[in-house]
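Student: I have a model open and would like to go through its ligand site and its chain contacts. Could we begin with the ligand?

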Amino acid sequence: MAVMTYIDASRQAVAEEMRRDPMVWAVGEDLGRGGVFGQYKGLVDEFGPDRISDAPISESCIMGAAVGAAMTGTRPIVEMRFSDFALCAVDELVNQAAKARYMFGGQTRVPLVVREPIGMWRSSAAQHSQSLEAWYAHIPGLVVAVPSTPADNRALLKAAIRCDDPVVFMEHKNLWALGGDVPDGDDVAEFGKARAVREGKDLTIVSWSAAVHTATEAATTLAGEGIEAEVLDLRTLWPWDKDAVLASVERTGRLLVVQEAVSVAGFGAEVAATVAENLHPALKAPVKRLGAPRIPISYAPVLEDQVRITADAIAAAARGLVKT
Amino acid sequence: MPAGQSSSASNLDRERYVARFREMCRIREFETAAIAASNEKLVLGAIHPSIGQEAVAAGVCGNLRRDDIILSTHRGHGHTMAKGADALAMMRELFGRAGGTSQGKGGSMHIADFSVGMLGANGVVAANINIAAGAAHAIKLKGEDKVVVCFFGDGAINRGPFLEGLNWAGVFKLPILFVCEDNGFAATTRTKAMTSGDGPAARADSIGIKSETVDGNDIAAVDEIASELIDEARRGTPRFLVARTYRLTGHTSSDPAPYRPADEVKERWLNDPIENCRQMLLTAGVDESELSAIAEAAAKEMKDAYETAKASDWPEKDLAYVDVQDIGDPRGGAF
Ligand SMILES: Cc1ncc(C[n+]2csc(CCOP(=O)(O)OP(=O)(O)O)c2C)c(N)n1
């Protein structure tokens, strides 16, 4: 076990996988200088500029070229800087990467990872702050990973690089500096397995990415008041761990979904609907979602805060559920 | 002036051009059968015939090795066949039947045969350009001796991937030949009316991808320039070829193309690339009976493919759930 930051854990995953498999390479803008957040710092020294490849500001070609290179035997890691910019490459991801295997009747595979950092970070306003994970969970053919800890960032990224299908890998920008224990050795995650952050009997809080930490903070406060919340971190949204969620809510009888993304048509709706469909008689309270209002994200902190899910809001919602 | 002059009749490599003639006849007969099947509702959805453009497919693909790679467009039957795909498997794909190149999952617009290096037609105009650049990028990373040819239409040059993909090929010095088939139309619109500037060749040159322009209805001219450019591309200089041609049918098989004068089409039929090739071979002393026999064999091959495809089974229903991705239950939450 080593203590490591979220960003270093991802760099270690990339380096280890590139050492293991010469067909793995990374491509994106400014990677030679370490990438915009420093996720690739120093990697060009070990792997050279062909495998830690700079790219023109051509998001659609970065993604499209990765599709072509993935179909012909290499395993590209695509760096999009911000999930917001990845929207310039949605055709390449949704119509091409996600469809090629199926549409061509299994003649090919598209083993690529697209890293699309998400989330609110340092007053970055409407085009550098979004959480768009639900868009991709909706698309057949894509895996969607949303790690919340350094250990998961390493283990899920390693799994993503080894996956034979396209993976949308959404790191949260506000977590880069987060430290945590990271297991030694070749720790490769299994997609679709939730992590129980905390056990509890009174309600189940389902979350992912940075919101897991806010939910956990709320659960600590609630514990002080005698309310025991179970906190589940989904870790991947497709596949997602339905079994773990249903088993937990069956025990607690209450579900609160917490997400940073816009609540309307967000992934929380999928979780809530699934629980409602399957556990209606066992529910002690209606299912509840917490997410952002349907407004773009602002620059001024006081306006930005309007979309931010707080531990206070989560605790208040939990109290409301437990009272009913 | 178009570059690439036809060989004169006396020194024509007859065997080579008889082979090209055969390929062009096969493409024409395949599409003729497919159009008939489309009219009979045996081939569903839209099909985009390349009738009139066969010399580009045959002339370019005839210069490729089996493990070289091509990517195509919605108008991709000719390229696929010329790259060596099996006509019956292709016909089954168009019919949506078992034994199709993609097991009936793609149809005409997504026709592909990876076993011969045909990495797919594409339903999204210009999307294949970036993918082709990536396939060429992988060739370079792996140090292979292959080349990629990317076909697209004159309409595709107005989409972003044209700029991004060509720039990419130039920056990374990739083994790729871009082939722009300028048939004058983008769907039902004359491409010129919607294109600013001097067109595909000028745009390619401005990005630093040197272009050549050729008469796309002259098989010998296409063949010669393609051979040269493919050699250059294989050595790591991306190149661009504009083939001037004409789409003799409508945009799709069901498009009567009322947006162009009948006289224009009639005149263009006088420049049919297959007839041009036939005349060239006759002048070079090839027997008329040999060429007729080739044309008849092609017609029979495709008629048989049509009949066999028609009699083929539909795919198993459960195949709908196969090859989505390795992980996750695709039925989850569905009806
Ligand atoms: C991105 C996109 N926009 C529009 C279409 C609809 N469409 C299909 S083919 C076509 C015309 C393409 O013209 P061109 O590239 O010149 O090829 P051609 O049809 O002449 O072979 C259009 C507009 C599409 N398939 N994809």
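Tutor: A backbone N or O atom of Val125(B) is placed 3.1 Å from a nitrogen atom of the ligand, where a polar contact is a pair of N or O atoms within 3.5 Å; within protein, one must be able to donate a hydrogen and the other to accept it, and residues adjacent in sequence count only if both atoms are side-chain atoms. This is a predicted model, in which local features need pLDDT of at least 70 and side-chain atom pairs count only at pLDDT 80 or more, while totals for chains, interfaces and linings use all residues. Residues are numbered from 1 along each chain as its sequence is written, chains are lettered from A and ligands numbered from 1 in the order in which they are written, and side-chain values use heavy atoms, with hydrogens and water left out.

Student: What lies 2.9 Å from an oxygen atom of the ligand on Asn183(B)?

Tutor: On Asn183(B) that is a polar side-chain atom. For Phe185(B), a polar backbone atom is 2.9 Å from an oxygen atom of the ligand.

Student: How much of the ligand does the protein bury?

Tutor: The protein buries 72% of the 580 Å² that the ligand exposes when taken alone; these areas come from the Shrake-Rupley method with a 1.4 Å probe, and for residues only the protein chains shown count as cover.

Student: Which residues come nearest to the ligand?

Tutor: Of the 15 residues around the ligand, the nearest are His74(B), Arg75(B), Gly155(B), Asn183(B) and Phe185(B) (a heavy atom within 4 Å counts as near). The shell has six nonpolar, six polar and three charged residues; Ala, Val, Leu, Ile, Met, Phe, Trp, Tyr, Cys and Pro count as nonpolar, Asp, Glu, Lys and Arg as charged, and the others, Gly among them, as polar.

Student: Turning to the interface, how many residues of each chain are in contact?

Tutor: In chain B 43 residues are in contact with 45 residues of chain A, contact being heavy atoms within 4.5 Å.

Student: Which salt bridge joins Arg101(A) to chain B?

Tutor: The side chain of Arg101(A) meets that of Asp326(B) in a salt bridge at 2.9 Å, N to O. The rule (a side-chain nitrogen of Lys or Arg within 4 Å of a carboxyl oxygen of Asp or Glu) finds three salt bridges across this interface.

Student: And within chain A, what does Asp152(A) pair with?

Tutor: Asp152(A) forms a salt bridge with Arg235(A), 2.8 Å from N to O. Asp152(A) lies in helix H7 (residues 150–162) and Arg235(A) in the loop between strand S11 (229–233) and S12, so the pair ties together parts that are 83 residues apart in sequence. Helices (H or I, at least four residues) and strands (E, at least two) are DSSP runs, numbered from the N terminus.

Student: Where is the cis peptide bond?

Tutor: The cis bond runs from Trp238(A) to Pro239(A), with omega near -5°. Pro239(A) is in the loop between strand S12 (236–238) and helix H9 (242–252) of chain A.
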